[in-house]
Amino acid sequence: MTDQTLLSLLSSLECALHRPEDPAQPGVLAALLHGDFLEFGRSGGLVRRVEALPWLSGASVRREIVACDFALQWATETAALLTYRSSERDEQGHVGRHTLRSSLWLKGPQGWQMRFHQGTPTSAGGGNADS
């Protein structure tokens, strides 16, 4: 798989996790999280898979997440680090909560799954997700 193909695939999977799950396809997004998934949230909290699943299923109201500047680095033949920037857009169209994000994706028998995720608050123009 080429770098560009994997970057396209993982960025689309990442963005799918930003949206509430389609009720017509239960479990599809949950399948993207590795059984040992762990997140260091932008708020400083620790989130495990069992806590992330209700959020993914749309159990809470969420703002639209806008993601950009995706970059990919291979860690091994079956592990890749995805980095990017995100912000949230509220109902009035205001953009805020700028975040630098990184995700470790592992390829296993079920395909690519997110094993680890971290969000770090930043300013609108601060930081560079691929440095």
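Which elements each supply at least two residues of the lining of the largest pocket? They are α1 (3-17), β1 (33-40), α2 (49-56), β4 (79-89), β5 (95-108) and β6 (111-121). The structure is a predicted model, in which local features need pLDDT of at least 70 and side-chain atom pairs count only at pLDDT 80 or more, while totals for chains, interfaces and linings use all residues. Residues are numbered from 1 along each chain as its sequence is written, and side-chain values use heavy atoms, with hydrogens and water left out.

**Overall fold**

- The protein chain holds two helices and six strands, where helices (H or I, at least four residues) and strands (E, at least two) are DSSP runs numbered from the N terminus.
- Read from the N terminus, the order of the elements in the protein chain is α-β-β-α-β-β-β-β.
- The protein chain has 131 residues, of which 37% count as buried; buried stands for under 20% relative accessible area, exposed for over 50%, and partly exposed for what lies in between (1.4 Å probe, protein chains only).
- Among contacts in the protein chain with a separation of 6 or more, 50% come from residues 24 or more positions apart, a contact being heavy atoms within 4.5 Å.

**The largest pocket**

- The volume of the largest pocket is about 560 Å³, a volume being the space filled by probe spheres set on grid points that are joined across faces, edges and corners.
- Its lining has 25 residues, and E39, W55, I65, R101 and H117 are the closest to its centre.
- A pocket is an open set of points on a 1 Å grid over the protein atoms alone, where a 1.4 Å probe fits, with protein on both sides within 12 Å along at least five of seven lines, and lining residues have an atom within 4 Å of a point.
- With four residues, α2 gives the most to the lining of the largest pocket.
- The lining of the largest pocket comprises eleven nonpolar, five polar and nine charged residues, with Ala, Val, Leu, Ile, Met, Phe, Trp, Tyr, Cys and Pro taken as nonpolar, Asp, Glu, Lys and Arg as charged, and the others, Gly among them, as polar.

**I65 in strand β3**

- I65, which lies in strand β3, counts as buried because its relative accessibility is 17%.
- Apart from its neighbours within four places in sequence, I65 is in contact with H18, S86, S87 and E88.
- I65 and C15 are 50 residues apart in sequence, and their C-alpha atoms are 8.3 Å apart in space.

**Strand pairing**

- β4 and β5 run antiparallel and are joined by ten bridges, and strands are said to pair if DSSP finds at least two bridges between them.
- E88 stands opposite G96 in β5, and in the hairpin of β4 and β5, with five residues between the strands, G93 has a positive phi near 90°.
- β5 also pairs with β6 in the antiparallel sense, over ten bridges; W105 stands opposite M114 in β6, and the hairpin from β5 to β6 passes through two residues.

- Most residues other than glycine have a negative phi.
- D69, in strand β3 (residues 64-76), has a positive phi near 55° and counts as partly exposed at 47% relative accessibility.
- R97, found in strand β5, has a positive phi of about 50° and counts as partly exposed at 42% relative accessibility.
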